[in-house]
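Trainee: Can we go through this one by question and answer? I'd like to begin with the charged side chains and then move on to the rest.

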Amino acid sequence: MSHFFAYLSRLRYIRRWGLMRNTQQENDAEHSLQVAMIAHALAVMSRDRYHNDVNPEHVLALAVYHDATEVITGDLPTPVKYHSAALRDAYKRLEAMAATRLTQMLPEEMQGEFGPYLESGATYEHKLVKAADSICAYIKCLEEQQAGNPEFDAAGANVLNFIQEMNLPEVNDFMAEFVPSFTLTLDELNRDGGGLL
């Protein structure tokens, strides 16, 4: 018996933004879906607009599993995780141990396929997933600000600065073409001809 997918189903119990007052809670499962959709879009733009050698389906899979280790580690708040080099390094080791533990829950013949999705990496495809993760964080900040919650003002500015410093053309395109719509109401989305109603 393998507990791998039973563990992953618990992503829905991992709450994000734990140190901040939220008008709407967000969990790791819904976050992972949004990251996967945006990472896939970034990869398609990267391949088709900028002729980079990326596989959108591989990026999609990397994004689906990008926070999987948090079913073991929990979601450590960013100010804690990056407080010092020692904490950052310790957390990376903890994530690596969690990835190994999750991988070992799979039948042996599946471990080689899934293991790489659970580990961090430095490829361009991993950078696109990190960018998508950051875009999702920025969108969360926008949504909280739209709901009148100033708790996310500084976080939004910091995340936007991080995204801009990445200086990836497909990310800049996504920010310009898609992100502004997240500040609109449903009526505004429909009025602009983008909706179904």
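Trainee: How far apart are the closest N and O atoms in the salt bridge that R16 forms with D28?

Mentor: Keep in mind that this is a predicted model: local features need pLDDT of at least 70, side-chain atom pairs count only at pLDDT 80 or more, and totals for chains, interfaces and linings use all residues. Residues are numbered from 1 along each chain as its sequence is written, and side-chain values use heavy atoms, with hydrogens and water left out. A salt bridge means a side-chain nitrogen of Lys or Arg within 4 Å of a carboxyl oxygen of Asp or Glu. For R16 and D28, the closest N and O atoms are separated by 3.8 Å.

Trainee: How many residues apart are R16 and D28?

Mentor: R16 sits in the loop between helix 1 and helix 2, while D28 is in helix 2. Helices (H or I, at least four residues) and strands (E, at least two) are DSSP runs, numbered from the N terminus. The pair links distant parts of the chain, and the separation is twelve residues.

Trainee: What relative accessible area does D28 have?

Mentor: Buried is under 20% relative accessible area, exposed is over 50%, and partly exposed lies in between (1.4 Å probe, protein chains only). D28 counts as buried because its relative accessible area is 0%.

Trainee: Which residue does D67 meet in a salt bridge?

Mentor: The N to O distance here is 3.8 Å, and the partner of D67 is R16. D67 is in the loop between helix 3 and helix 4 (70–73), 51 residues away from R16. Both residues are buried.

Trainee: Which residue forms a salt bridge with R16 at 3.2 Å?

Mentor: The closest N and O atoms are 3.2 Å apart, and the partner is E26. Both ends are in the loop between helix 1 and helix 2, ten residues apart.

Trainee: Which residues are linked in a network of salt bridges?

Mentor: By the rule above, the count comes to seven salt bridges. The network is made of R16, E26, D28 and D67.

Trainee: Which backbone nitrogen does the side chain of N27 reach?

Mentor: N27 lies in the loop between helix 1 and helix 2, and it counts as buried because its relative accessibility is 16%. With contact meaning heavy atoms within 4.5 Å, N27 touches L11, R12, I14, R15 and R16, leaving aside neighbours within four places in sequence. A polar contact is a pair of N or O atoms within 3.5 Å; within protein, one must be able to donate a hydrogen and the other to accept it, and residues adjacent in sequence count only if both atoms are side-chain atoms. At 2.9 Å, the side chain of N27 reaches the backbone nitrogen of A29.

Trainee: Which backbone oxygen does the side chain of S32 reach?

Mentor: S32 is in helix 2 and is buried at 6% relative accessibility. Not counting residues up to four places away in sequence, S32 touches A63, V64, H66 and D67. Its side chain comes within 2.8 Å of the backbone oxygen of D28.

Trainee: What is the phi of N167?

Mentor: Most residues other than glycine have a negative phi, and most peptide bonds are trans. N167 lies in the loop between helix 9 and helix 10, and it counts as exposed because its relative accessibility is 56%. Although N167 is not a glycine, its phi is positive, at about 50°.

Trainee: And W17, is that one buried or exposed?

Mentor: W17 also has a positive phi, near 55°, and is found in the loop between helix 1 and helix 2. Its relative accessible area is 16%, so W17 is buried.
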